[in-house]
Amino acid sequence: MCGQEEDTKHIVFECPVAKIQWAMIRDLFNWEEIPDSVESFIRLSSRANIDNTKITQQTMIILLGAISWALWLARNNLVFNNKLPASLFNLTFQSIILIQKWSPLSKMKSRGVLELLVEALKKQMKETQDGE
(Lines give C-alpha, C1' and ligand atoms only; values in the text may rest on other atoms or scores of the structure.)
Protein backbone atom coordinates (compact mmCIF):
# COMPACT_ATOMS: atom_id res chain seq x y z
CA MET A 1 0.00 0.00 0.00
CA CYS A 2 2.94 2.29 0.55
CA GLY A 3 5.12 1.22 -2.39
CA GLN A 4 7.61 -0.79 -0.31
CA GLU A 5 8.41 -4.42 -1.00
CA GLU A 6 5.63 -6.43 0.61
CA ASP A 7 5.64 -9.42 2.86
CA THR A 8 3.20 -10.33 5.59
CA LYS A 9 5.21 -8.64 8.35
CA HIS A 10 5.45 -5.45 6.33
CA ILE A 11 1.71 -5.35 5.52
CA VAL A 12 0.62 -6.10 9.10
CA PHE A 13 3.24 -4.24 11.16
CA GLU A 14 5.73 -2.14 9.18
CA CYS A 15 3.71 -0.32 6.53
CA PRO A 16 2.93 3.28 7.55
CA VAL A 17 -0.78 2.49 7.20
CA ALA A 18 -0.39 -0.44 9.62
CA LYS A 19 1.65 1.68 12.03
CA ILE A 20 -1.19 4.18 12.27
CA GLN A 21 -3.60 1.37 13.20
CA TRP A 22 -1.18 0.02 15.79
CA ALA A 23 -0.58 3.51 17.19
CA MET A 24 -4.29 3.75 17.96
CA ILE A 25 -4.10 0.37 19.74
CA ARG A 26 -0.99 1.53 21.61
CA ASP A 27 -2.86 4.59 22.81
CA LEU A 28 -5.93 2.54 23.75
CA PHE A 29 -3.90 0.24 26.01
CA ASN A 30 -1.30 2.85 27.10
CA TRP A 31 1.56 0.79 25.71
CA GLU A 32 4.99 2.39 25.46
CA GLU A 33 5.49 1.24 21.88
CA ILE A 34 3.62 -0.09 18.89
CA PRO A 35 4.02 -3.78 18.12
CA ASP A 36 6.37 -4.55 15.23
CA SER A 37 5.85 -8.32 15.11
CA VAL A 38 3.51 -11.02 16.38
CA GLU A 39 5.96 -11.66 19.21
CA SER A 40 5.98 -8.03 20.36
CA PHE A 41 2.18 -7.93 20.09
CA ILE A 42 1.92 -11.01 22.34
CA ARG A 43 4.38 -9.47 24.82
CA LEU A 44 2.53 -6.14 24.91
CA SER A 45 -0.91 -7.73 25.02
CA SER A 46 -0.07 -9.55 28.24
CA ARG A 47 -0.54 -6.15 29.93
CA ALA A 48 -3.76 -5.15 28.13
CA ASN A 49 -6.73 -3.93 30.13
CA ILE A 50 -9.66 -1.59 29.61
CA ASP A 51 -11.33 0.13 32.56
CA ASN A 52 -9.51 -2.23 34.96
CA THR A 53 -10.79 -5.27 33.04
CA LYS A 54 -7.99 -7.63 32.02
CA ILE A 55 -8.18 -8.43 28.32
CA THR A 56 -7.43 -12.11 27.83
CA GLN A 57 -4.83 -13.39 25.41
CA GLN A 58 -7.63 -15.04 23.41
CA THR A 59 -9.39 -11.68 22.99
CA MET A 60 -6.14 -10.00 22.00
CA ILE A 61 -5.53 -12.67 19.34
CA ILE A 62 -8.98 -11.85 17.92
CA LEU A 63 -7.93 -8.18 17.82
CA LEU A 64 -4.68 -9.12 16.07
CA GLY A 65 -6.62 -11.19 13.54
CA ALA A 66 -9.15 -8.43 12.89
CA ILE A 67 -6.55 -5.72 12.34
CA SER A 68 -4.38 -8.02 10.22
CA TRP A 69 -7.33 -9.11 8.09
CA ALA A 70 -8.55 -5.52 7.59
CA LEU A 71 -5.05 -4.47 6.48
CA TRP A 72 -4.75 -7.47 4.18
CA LEU A 73 -8.15 -6.78 2.58
CA ALA A 74 -7.21 -3.11 2.06
CA ARG A 75 -3.94 -4.16 0.46
CA ASN A 76 -5.73 -6.60 -1.86
CA ASN A 77 -8.34 -3.99 -2.76
CA LEU A 78 -5.52 -1.65 -3.78
CA VAL A 79 -3.58 -4.29 -5.73
CA PHE A 80 -6.51 -5.93 -7.51
CA ASN A 81 -9.03 -3.07 -7.77
CA ASN A 82 -6.76 -0.01 -7.58
CA LYS A 83 -8.84 1.35 -4.67
CA LEU A 84 -7.44 2.96 -1.55
CA PRO A 85 -9.48 3.15 1.66
CA ALA A 86 -11.41 6.43 1.78
CA SER A 87 -9.93 6.99 5.24
CA LEU A 88 -7.56 5.21 7.59
CA PHE A 89 -10.49 5.05 9.98
CA ASN A 90 -12.19 2.73 7.50
CA LEU A 91 -9.59 0.12 8.47
CA THR A 92 -10.38 0.54 12.15
CA PHE A 93 -14.09 0.34 11.40
CA GLN A 94 -13.49 -2.82 9.34
CA SER A 95 -11.60 -4.31 12.30
CA ILE A 96 -14.53 -3.53 14.59
CA ILE A 97 -16.96 -5.20 12.19
CA LEU A 98 -14.76 -8.31 12.05
CA ILE A 99 -14.60 -8.52 15.85
CA GLN A 100 -18.37 -8.22 16.01
CA LYS A 101 -18.82 -10.92 13.36
CA TRP A 102 -16.41 -13.26 15.12
CA SER A 103 -17.79 -12.65 18.61
CA PRO A 104 -20.52 -15.34 18.37
CA LEU A 105 -17.75 -17.87 17.70
CA SER A 106 -16.15 -17.07 21.05
CA LYS A 107 -16.98 -18.58 24.41
CA MET A 108 -19.87 -16.86 26.17
CA LYS A 109 -17.61 -15.46 28.91
CA SER A 110 -15.38 -13.82 26.28
CA ARG A 111 -18.20 -12.03 24.47
CA GLY A 112 -18.61 -9.34 27.12
CA VAL A 113 -14.90 -8.54 26.93
CA LEU A 114 -15.12 -8.39 23.13
CA GLU A 115 -18.02 -5.92 23.46
CA LEU A 116 -15.92 -3.85 25.86
CA LEU A 117 -13.06 -3.93 23.34
CA VAL A 118 -15.35 -2.84 20.48
CA GLU A 119 -16.71 0.08 22.51
CA ALA A 120 -13.18 1.11 23.54
CA LEU A 121 -12.04 0.98 19.89
CA LYS A 122 -14.97 3.15 18.82
CA LYS A 123 -14.17 5.65 21.56
CA GLN A 124 -10.45 5.67 20.66
CA MET A 125 -11.27 6.13 16.97
CA LYS A 126 -13.53 9.10 17.79
CA GLU A 127 -10.90 10.68 20.04
CA THR A 128 -8.29 10.21 17.33
CA GLN A 129 -10.59 11.75 14.69
CA ASP A 130 -11.39 14.69 16.95
CA GLY A 131 -7.68 15.27 17.53
CA GLU A 132 -6.90 15.63 13.81
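Aspartate 130 counts as exposed, at 55% relative accessibility; exposed means over 50% relative accessible area, buried under 20%, and partly exposed in between (1.4 Å probe, protein chains only). The model is predicted: local features need pLDDT of at least 70, side-chain atom pairs count only at pLDDT 80 or more, and totals for chains, interfaces and linings use all residues. Residues are numbered from 1 along each chain as its sequence is written, and side-chain values use heavy atoms, with hydrogens and water left out.

**Salt bridges**

- Side chains of opposite charge can pair when their charged atoms come close.
- The structure has seven salt bridges, a salt bridge being a side-chain nitrogen of Lys or Arg within 4 Å of a carboxyl oxygen of Asp or Glu.
- One of them joins aspartate 130 to lysine 126, with the closest N and O atoms 3.1 Å apart.
- Both of these residues, aspartate 130 and lysine 126, belong to helix 6 (residues 108–130), where they are four residues apart, about one turn of the helix; helices (H or I, at least four residues) and strands (E, at least two) are DSSP runs, numbered from the N terminus.
- Lysine 126 is partly exposed, its relative accessible area being 49%.
- Another salt bridge links glutamate 6 and arginine 75, whose closest N and O atoms are 2.8 Å apart.
- Glutamate 6 lies in the segment before helix 1 (8–14) and arginine 75 in helix 4 (residues 57–81), so this pair ties together parts that are 69 residues apart in sequence.
- Glutamate 6 is partly exposed at 29% relative accessibility, whereas arginine 75 is buried, with a relative accessible area of 17%.
- Lysine 9 and glutamate 14 also form a salt bridge, with 3.6 Å between the closest N and O atoms.
- Lysine 9 has a relative accessible area of 40% and is partly exposed; glutamate 14, at 34%, is partly exposed as well.

**Aromatic rings**

- Four aromatic pairs are found in a search of the whole structure; rings of Phe, Tyr and Trp (its six-membered ring) pair if their centres lie within 6.5 Å, and planes under 30 degrees apart count as stacked, over 60 as edge-to-face and the rest as tilted.
- Phenylalanine 13 and tryptophan 22 make a stacked pair, 5.4 Å centre to centre and with 15° between the planes.
- Phenylalanine 13 and tryptophan 22 are both buried.
- Phenylalanine 29 and tryptophan 31 are a stacked pair too, at 5.3 Å centre to centre and 25° between the planes.
- Phenylalanine 29 is buried, as is tryptophan 31.
- One aromatic cluster is formed by Phe13, Trp22, Phe29, Trp31 and Phe41.
- Arginine 75 lies over the face of tryptophan 72, 5.7 Å from the ring centre; a charge sits over a ring if NZ of Lys or CZ of Arg is within 6 Å of the ring centre and within 35 degrees of the ring normal.

**Nonpolar surface patch**

- Val38, Ile42 and Ile61 form a nonpolar patch on the surface, with about 210 Å² of accessible area together.
- Patches are made of residues with over 30% relative accessible area and no salt bridge: like charges are joined within 9 Å, nonpolar side chains (Val, Leu, Ile, Met, Phe, Trp, Tyr) within 5 Å.
- Accessible areas come from the Shrake-Rupley method with a 1.4 Å probe; for residues, only the protein chains shown count as cover.
- Isoleucine 61 is part of helix 4 and is partly exposed, at 40% relative accessibility.

**Serine 106**

- Serine 106 sits in the loop between helix 5 (88–102) and helix 6.
- Serine 106 is buried, with a relative accessible area of 7%.
- Apart from neighbours within four places in sequence, serine 106 is in contact with Ile62, Arg111 and Leu114, contact meaning heavy atoms within 4.5 Å.
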